[in-house]
Amino acid sequence: MALIKRTPTTGRTETHERKQDRDCAGLQARLDDPSSEARRWAARDLVNCPDSSGALVNRLRMEMDPSVREVIFTTLTHLGDSTAVAGLVEFMRSEDVSLRNEAIEAMKQLPDAVAPIMRDLLTDESSDMRIFAVNILESLRHPDVELWLREVIERDPHINVCATAVDLLGEVGSHDALRSLEQLKARFAGQAYIKFAADLAIKRIQED
Amino acid sequence: MKKILIIDDAATVRMYHRNILTEAGYHVEEAINGLEGLEKVLQQSFDLFLVDVNMPKLDGYGFLRELRQLDVPQSPAIVISTEATESDRQRAYVAGANMYMVKPIQPDQLLAPIALLLGI
Amino acid sequence: MTLDSISEEDFHKFREFFYRKTGIQFEPSKRYFVDKRLLERMEATGNHLFRSYFTMLRFQASGEELQILTNLMTVNETYFFREEYQFKCLVSSILPKLVENRRDQGPLRIWVLPSSSGEEPYSIAIYLLERWAAINHYDVEIIASDIDTQILAQARRGLYSNRSVAQLPKPYLDKYFTQTPEGHQICEDLRGAVEFTRVNLSDPADTRPYRNFDVVFCRNLLIYFDDLSRKAAAETFYDSLKPGGYICLGHSESMSRISSLYKIVKFPEAIVYQKPSEPQK
């Protein structure tokens with residue numbers, strides 16, 4: 001029979017585990033290892049090192065390998081401290097589309113860390129940042145979400161920021177949001193998408 | 001019936017475009033990001049793609065770059081973006097888009113270019 | 001307490017939310033199935049209005065209710081030859097591709113998670129022996145892992161109910177099992193062919209030794225995870241695979257919602273995911 005049984009450890013090729021330095025300083029140094037596999041494992045293991053967000057953010061600024069980037073983002077999300085969040089906000093401004101989107105996805109998982117800065121993000125100079133901020137609200141479990149969304153559709157001058165906010169209001173909005181939605185339609189009269197999304201939100205709220 | 005794939009992470013945007021297109025007689029499928037879009041492309045053939053830019057996992061440009069390398073019908077693609085700069089437009093064309101449009105789009109603004117690209 | 005019933009609009013809202021969170025989609029025909037479970041949870045959590053239950057579901061920081069609901073919504077049974085099309089894919093498409101340009105002299109290695117009570121890894125073993133023409137030319141190692149030590153013990157024992165073996169073609173049942181008063185006992189050869197190990201997929205210390213696999217089967221496990229754990233698991237599997245190795249998920253699961261590291265590969269039998277052979281740019 002050609003089915004064989006061996007123990008899992010016999011499958012290892014391990015050149016990267018010669019020195020089992022799992023200490024945090026060692027792991028941070030391994031973030032610059034020439035091997036992407038070593039960097040990935042270092043990034044993964046750093047989840048147990050609470051002060052490593054800074055080192056991870058630094059590495060992410062120059063990391064070109066997508067598999068390492070992805071693991072760094074996962075670890076940063078697990079750590080979720082203010083250094084991690086500040087780094088994520090920085091990457092939201094990046095020209096690199098995938099870096100931006102991964103940062104947004106990470107932020108969506110960090111309601112407690114993101115909530116204090118959400119208002120700042122929602123009033124950022126860049127309309128793109130404001131759109132991303134509203135995107136983050138989509139998965140944010142936080143009691144002020146409806147309030148923020150209403151503020152956006154009442155005050156934001158940019159149509160796409162408002163458009164992004166409207167759909168979410170349909171899901172989380174209460175009757176308090178109805179007036180703001182009608183006002184939005186009036187403000188962007190003639191814009192078919194705004195009318196569509198606002199009417200959908202109104203309908204959903206009213207059916208509750 | 002011509003088949004169009006809408007790729008966008010926002011459900012309402014997909015719905016909006018879907019309504020316009022189905023009313024105009026097109027068959028519509030949806031994907032929520034570029035990776036899901038690629039999975040659909042591997043399973044069915046499409047006559048046209050409507051592609052958002054900012055999506056998690058795989059963005060619109062990434063989707064197009066992959067699509068243009070696959071051995072599948074190389075149908076036309078319209079990129080739909082919130083950004084209106086010339087460099088974004090160029091980026092889209094380099095990735096493999098045939099057309100670039102800025103959101104939000106009025107129904108007639110959408111249908112005419114699609115008919116053009118489909119040779120209808 | 002009288003429960004509110006679920007309106008059409010509520011079902012629609014819930015369906016969209018659940019789909020976005022888990023990738024699991026409900027056909028309209030599953031209305032009864034979904035409603036029943038929603039009402040069950042509404043009662044259990046003391047929400048007689050769907051609206052308040054839904055708000056709790058969305059905003060609960062721990063995500064515990066969503067997890068409970070997800071567990072309820074997914075069908076948990078395991079049996080021999082479940083989702084057989086993927087085993088077919090293994091022998092008809094994946095293994096032939098793997099051996100095509102293979103220079104490695106070692107065995108082909110398959111990792112199965114969760115092992116659960118063993119139906120899946122033993123199914124793979126049977127499939128390899130019965131349906132892979134080239135089995136006589138290659139050694140294959142099957143490792144099956146689970147976090148639950150009790151279920152691992154059950155898997156090693158290899159005793160199964162009628163329900164569990166119902167999908168097996170009778171010739172295989174006769175060949176590989178013995179009927180006993182306690183149930184269908186799988187033969188010694190197969191028990192000896194699968195290594196069962198305890199692993200917590202979310203613990204890097206546990207998963208570190210698991211490397212150089214050619215194929216990973218992880219079906220209907222990740223749906224129980226939250227988004228971040230799911231992503232971390234996909235990254236762990238990436239490092240457990242050899243370059244060019246494949247991973248198969250459950251039929252309602254897709255890597256497109258989890259990780260962008262893998263290449264999507266369409267075989268005639270199934271869509272599977274591949275770790276790139278070369279480092280990606």
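This is a predicted model, so please take what follows as computed from that prediction. I begin with the contact between chain B and chain A, which takes 16 residues from chain B and 16 residues from chain A. On the chain B side, the elements that supply at least two residues each are α1 (11–23) and α3 (60–67). Of the elements there, α1(B) gives the most, with 3 residues. By class, this side of chain B divides into 9 nonpolar, 5 polar and 2 charged residues.

Now chain B itself. What pattern does chain B follow along the sequence? The pattern is β-α-β-α-β-α-β-α-β-α, with 5 helices and 5 strands in the chain. Along the principal axes, the C-alpha atoms of chain B fill a box of roughly 35 × 30 × 30 Å. Buried residues account for 48% of the 120 residues in chain B. On contact order, take the contacts in chain B with a separation of 6 or more: 62% of these are between residues 24 or more positions apart.

Let me stay with strand β1 of chain B, residues 3–7. Is this strand buried or exposed? Of its 5 residues, 4 are buried, so β1(B) is largely enclosed by the rest of the structure.

With strand β2 (residues 27–31) of chain B, β1(B) runs parallel and is joined by 5 bridges. One of the bridge partners here is B:A31 in β2(B), which pairs with B:I7.

In β3(B), B:L48 is the bridge partner of B:I4.

Next, chain A. The domain assignment gives domain 1 (23–109) and domain 2 (115–208). The centres of these two domains, taken over C-alpha atoms, are separated by 31 Å. Where they touch, domain 1 of chain A contributes 6 residues and domain 2 of chain A contributes 7 residues. On the domain 1 side, the elements giving two or more residues are α5 (82–92) and α6 (97–108) of chain A. α6(A) gives the most to that side, with 3 residues. The residues of that side are 4 nonpolar, no polar and 2 charged.

Chain A also touches chain C. How many residues of each chain are in contact? The count is 35 residues of chain A and 42 residues of chain C. The chain A side draws at least two residues from each of β1 (3–4), α2 (36–45), α4 (66–79) and α10 (159–172). Here α4(A) gives the most, with 7 residues. The class breakdown for this side of chain A is 11 nonpolar, 10 polar and 14 charged residues.

β1(A) pairs with strand β2 (residues 140–146) of chain C in the parallel sense, over 2 bridges. At A:L3, the bridge partner in β2(C) is C:V140.

Last, chain C. Chain C is divided into domain 1 (8–73) and domain 2 (84–274). Their centres, over C-alpha atoms, are 31 Å apart. The contact between them takes 6 residues from domain 1 of chain C and 7 residues from domain 2 of chain C. By class, the domain 1 side of that contact has 1 nonpolar, 5 polar and no charged residues. For chain A, the domain 1 side of the domain contact had 4 nonpolar, no polar and 2 charged residues.

That is the end of my part, and I can take questions.

Note on methods: Residues are numbered from 1 along each chain as its sequence is written. Chains are lettered from A and ligands numbered from 1 in the order in which they are written. This is a predicted model: local features need pLDDT of at least 70, side-chain atom pairs count only at pLDDT 80 or more; totals for chains, interfaces and linings use all residues. A residue is buried if 20 or more other C-beta atoms lie within 10 Å of its own, exposed if 12 or fewer, and partly exposed in between; C-beta atoms are placed from the backbone. Two residues are in contact if their C-beta atoms, placed from the backbone, lie within 7 Å. Domain bounds come from an automatic or database domain assignment. Ala, Val, Leu, Ile, Met, Phe, Trp, Tyr, Cys and Pro count as nonpolar, Asp, Glu, Lys and Arg as charged, and the others, Gly among them, as polar. Two strands pair if DSSP finds at least two bridges between them.
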